Amino acid sequence: MRATQPVRLRANGVDYTGEAEPRTTLADFLRRQCGLTGTHVGCEHGVCGTCTLLVDGAAVRSCLLLAVQADGCEVTTIEGLADNSDRANPVLGPVQQAFADAMSFQCGFCTPGIVMSTVAWLDARPEGSDAPTDHEIREFLAGTLCRCTGYTSIVEGVRLAAARYSASEASAAAP
Ligand code: FES
Ligand code: FES
């Protein structure tokens with residue numbers, strides 16, 4: 001019996017092929033075989049949200065999803081949010097930039113997961129929604145843990161990102 005199985009997936013627009021044991025998590029596969037170390041692993045049992053990324057557009061805890069389950073899927077990690085087409089002048093994605101502007105991190109370990117969760121949350125909000133209240137933001141953030149406990153600045157980062165999403169929707173809708 002084979003100890004590993006082939007896994008093929010597309011991450012951030014690049015095709016990757018590797019071998020994974022049936023118990024290898026998607027987080028470990030991406031970090032070890034694809035070199036995508038921006039996805040961090042904290043609790044390893046689905047509680048902290050640090051390992052969150054997008055699989056086929058949906059937020060997923062990559063410590064709970066097996067690599068073999070992601071075979072054939074489209075994955076977006078924190079590395080895929082920025083525009084790196086000009087290597088000398090990379091442009092951060094809107095949520096990344098909002099977190100940078102609001103200084104929404106301390107050590108930064110939890111940041112990739114919180115940014116990816118925020119991207120999924122804002123993408124899922126209906127176009128034209130009212131700005132989320134701080135209560136709504138804190139309720140959404142309840143699924144993510146920051147051990148530096150800097151939640152006030154994280155709430156500010158999400159609020160700023162939400163405002164920029166609304167502004168870009170409004171300008172896209174303008175005649
Ligand atoms: S490492 Fe996946 S939820 Fe904590
Ligand atoms: S910024 Fe350090 S764990 Fe969140």
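This tour visits helix 2, its contact with helix 3, and Tyr165 in helix 5 of a predicted model. Local features need pLDDT of at least 70 and side-chain atom pairs pLDDT 80 or more, while totals for chains, interfaces and linings use all residues. Residues are numbered from 1 along each chain as written, chains are lettered from A and ligands numbered from 1 in written order, and side-chain values use heavy atoms, without hydrogens and water.

Begin by selecting helix 2, residues 94–101 (helices are DSSP runs of H or I, at least four residues, numbered from the N terminus). Val95, Gln96, Ala98 and Phe99 are buried here (under 20% relative accessible area, 1.4 Å probe, protein chains only). These residues lie on the same side of helix 2, because they cover an arc of only 165° around the axis (taken from the directions from the axis to the C-beta atoms). Just after helix 2, Met103 has a positive phi of about 55°.

Select Val95, Gln96 and Phe99 of helix 2, which meet Thr111, Ile114, Val115, Thr118, Val119 and Leu122 of helix 3 (contact means heavy atoms within 4.5 Å).

Finally, select Tyr165 in helix 5, residues 151–173. Tyr165 is buried, with a relative accessible area of 16%. Leaving out residues up to four places away in sequence, Tyr165 touches Pro94, Val95, Val119, Leu122 and Asp123. Tyr165 and Val95 are 70 residues apart in sequence and 8.8 Å apart in space, C-alpha to C-alpha.

Note on methods:
Axes are lines fitted to C-alpha atoms, for helices over the stretch in contact, and angles run from 0 to 180 degrees between N-to-C directions. Helices (H or I, at least four residues) and strands (E, at least two) are DSSP runs, numbered from the N terminus. Buried means under 20% relative accessible area, exposed over 50%, partly exposed in between (1.4 Å probe, protein chains only).
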